[in-house]
Amino acid sequence: MFKKFFHQFASPKTFYFVSQKIFPYLFWLSIVSLIIGLIWGILYAPVDKVQGNSYRIIYMHVPASFAAQSLYMMIAVASFIFLIWKVKLAAYVVKSVSLIGASVTFLALISGSIWGVPTWGTWWQWDARITSTLILFIMYLGLISLHNSFNNLDKADKFISVLALVGFINIPIIKMSVNWWSTLHQPASITLSSKPSIDLAMLYPLMICIFSFLGLIIAIVLRAIQYEILLREKNKKWIQSI
Amino acid sequence: MTNDYVLAAHNIGYSINNTKLFKNINFEAKKGESIHIKGSNGSGKTTLLRIIAGICSSSNGEVIIDEEISKVMVGHSNALKDYLTLKENILMDGSFDIKDTNIFLESLNLKNKLELKIGSLSFGQRKKASLLKVFNNNSDLIILDEPCVGLDAKTQTYLIEFLKKELAKGKTIVYSSHIDMNLDSIEVYL
Amino acid sequence: MINMQFESLRSLFYMNGHGIYVWVVLIIFLMVIIGLFLFYKIKINNFKKENNEIN
Amino acid sequence: MKGLLQIELFKLFKKIRSWLGPVLIFTLIIIAYPLTVEYSTSELAKSFYSILWLGSLMTIMFSTEDIFLEDYLDGTMDQYIVNNISLPLIVFIKIFVYWLLIGVPIGILSFIFAIAFTSNFESSLLIGVISFVVNYIYFAVFSFGNSLSLNKGSLLSSLVCLPLVLPILITLGKFITALEYALNFYSYIILLLGVLSIIITIIPFLISFILKAHLD
């Protein structure tokens, strides 16, 4: 019963048309609220006493890191569904999210690195969080290159989902061990992690930015999945009539 | 469906990247029968044989083989180790020893090659060496993918005669071949 | 709670010396979003074009 | 089971370059290391451990490159399935055999080199034991990576494996610190043994699933 429902809902065709309907709402809503959030954050939020204006990077950096982690979660769930119930759509999700996830993680890394210049005076710090984000980026790259190296996409789907699940189990282990490792060093005087009692006036725009960015990324993910469906199922009749 | 079929295939289809390689293949084989799989290059003969052997899984349909039945398969890749001698390769198989193999080694002209590394044998000799698995088997189902490629006329006749005897013994053979092997086979076209 | 933090356009761009970092990050941020969006838009459009030509 | 073990051991043993090569490369890395720094014994001992761990990591990464590739290409793997030989068992045996012929010598060499560099027998003995355990973990992880990228080269597998071995490297660093300052290092050994026991059980099934997908 559940399985039947699941298969029907997860049929690429249904998904294509449903997402086609959802996309514009999600996209424009996220765009508008992201613009509001960014303007609020960059122009109107109060200045941070310690870091000065450079802290405003937080309105781009934190949404990106948050999305980077959420997208990996999405990949893990999709791979699980693919491996257990053999739902093809889930494999398309894994494939299309991995590229977007990599770009978002790259965004998180580079914004963090630029933020590091005025606050730490260096581009790169072997801080626990940065290191685990770097590893996350490498994991995304691994997924992308693994999928790209196989001509037989059915095989590639299986490999990428196994790897994604193994990576998912590995993420908390990496976080723990990296945290553990960085206690060897002198703790940085200001870390990204310790936001000393963030002001509400800073927090509201941050929240808006986080969620609207996530919404925007999900809208793009929908597009990416649609593209993947078109590409993989181009022999199907319904696609030829689009 | 009666139970005396050793091998039965129903509506087998195989597709790569949503492109169908073949579909709706049906055949059944009893003991003592053979099946000749025919088709042009790239039509999926090897894939079909691999599906029958249980190495690949088909995209649709199913192959029913009695679980009790033991199989032997010789494909394009001959599963021989270049860096080992012929003797070591034979012993590695585990299922038979040199004594039983002696007759076949003599008739295949491999007797004096036992101590040579596989790497130094010719293509035909390697093919013969990989066919030893078939000559010296107790399996009920024999799967052969282009067994005659690279064999000289004498060995071909020898192989065909051998297979005829096996059929008479009640074994089942599934093979693909560009050469007609005169085994009175059921023909399956891809 | 909501106050404009900068008196002039000049101080907005300068941000007490931190402006360059903030604006560079903003540009990269927007570029990645727009890039991803356009990437898939173009790909889908190309696909549809080819699809229509074939049929 | 015993027969399979003998066969795999024999196969690897006969391929001398596949097991002697990595052991030699490991030796060369450790011997070359003092030549790259200015001579001073205390300095040498300081980063000796990093070189040791990275040396064994690299060696094992490189030595597992064709652990499954050969059997996949020459059709031996097809024969395993046709003959109903359990694939997880074969995978387990292969990893074990590689560890026996490459990992164990590297562990012994680590012990010898540790004495040479630190001249502390007890800690060197511990290093040797840890090296045995960690080498097995490396073999399992890199076999996993190489089974994924089977015929696509080792670049991909190193990309895949890096995040997986990172926690191990960090644990090793912690272990060395504990050893040097005479803290309680047994917890790290237990931790590594725990990881080892999980890996020994899970990896063969994971790899055999992947190999099966490759044959499909």
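## Close-up views of a predicted four-chain model

**View 1. The interface between chains A and C.** In this predicted model, 31 residues of chain A are in contact with 27 residues of chain C, two residues being in contact if their C-beta atoms, placed from the backbone, lie within 7 Å. On the side of chain A that touches chain C, helix 2 (12-44), helix 4 (88-120) and helix 7 of chain A each supply at least two residues; helices (H or I, at least four residues) and strands (E, at least two) are DSSP runs, numbered from the N terminus. By class, this side of chain A holds 22 nonpolar, seven polar and two charged residues, where Ala, Val, Leu, Ile, Met, Phe, Trp, Tyr, Cys and Pro count as nonpolar, Asp, Glu, Lys and Arg as charged, and the others, Gly among them, as polar. Among the four pairs of chains that touch, chains A and C have the most contacts.

Residues are numbered from 1 along each chain as its sequence is written, and chains are lettered from A and ligands numbered from 1 in the order in which they are written. Since the model is predicted, local features need pLDDT of at least 70 and side-chain atom pairs count only at pLDDT 80 or more, whereas totals for chains, interfaces and linings use all residues.

**View 2. Chain B beside chain A, and the pairs of chains without contact.** Four residues of chain B are in contact with five residues of chain A, and the side of chain B that touches chain A consists of one nonpolar, three polar and no charged residues. Chain B and chain C, by comparison, do not touch, with their nearest C-alpha atoms 16 Å apart. Chain C and chain D are likewise joined by no contact, and their closest C-alpha atoms lie 24 Å apart.

View 3. A:R232 has its place in helix 7 of chain A. This arginine counts as buried because 21 other C-beta atoms lie within 10 Å; the class of buried residues begins at 20 or more other C-beta atoms within 10 Å of the residue's own, exposed residues have 12 or fewer, partly exposed ones fall in between, and the C-beta atoms are placed from the backbone. Leaving aside neighbours within four places in sequence, A:R232 is in contact with A:Y92, A:L153 and B:N18. From A:R232 to A:V166 the separation is 66 residues in sequence and 25 Å in space, C-alpha to C-alpha.

**View 4. The largest nonpolar core, around A:V94.** The largest nonpolar core has 179 residues, and those with the most contacts inside it are A:V94 and A:L163; such a core is a set of buried Ala, Val, Leu, Ile, Met, Phe, Trp, Tyr and Cys residues joined through C-beta atoms within 7 Å. Helix 7 (residues 200-232) of chain A gives the largest share of this core, 17 residues. When neighbours within four places in sequence are left aside, A:V94 is in contact with A:I75, A:A78, A:S79, A:F82, A:I160, A:S161 and A:A164.

**View 5. The crossing of helices 6 and 9 in chain D.** The axes of helix 6 (residues 87-118) of chain D and helix 9 of chain D come within 8 Å and cross at roughly 115°, the axes being lines fitted to C-alpha atoms, for helices over the stretch in contact, with angles from 0 to 180 degrees between N-to-C directions. Helix 6 of chain D takes part in the contact through D:L87, D:P88, D:V91 and D:F92, and helix 9 of chain D through D:P204, D:F205, D:I207, D:S208, D:L211 and D:K212. The residues of this contact divide into eight nonpolar, one polar and one charged. Also in helix 9 (residues 186-215) of chain D is D:I189, which counts as partly exposed because 16 C-beta neighbours lie inside 10 Å.

**View 6. The fold of chain D.** Chain D has nine helices and zero strands. Its radius of gyration is 18 Å, close to the 17 Å that the globule rule gives for 216 residues, so chain D is as compact as a globular protein of that length; the radius is taken over C-alpha atoms, and the rule is 2.2 Å times the number of residues to the power 0.38. Of the 216 residues in chain D, buried residues make up 42%.
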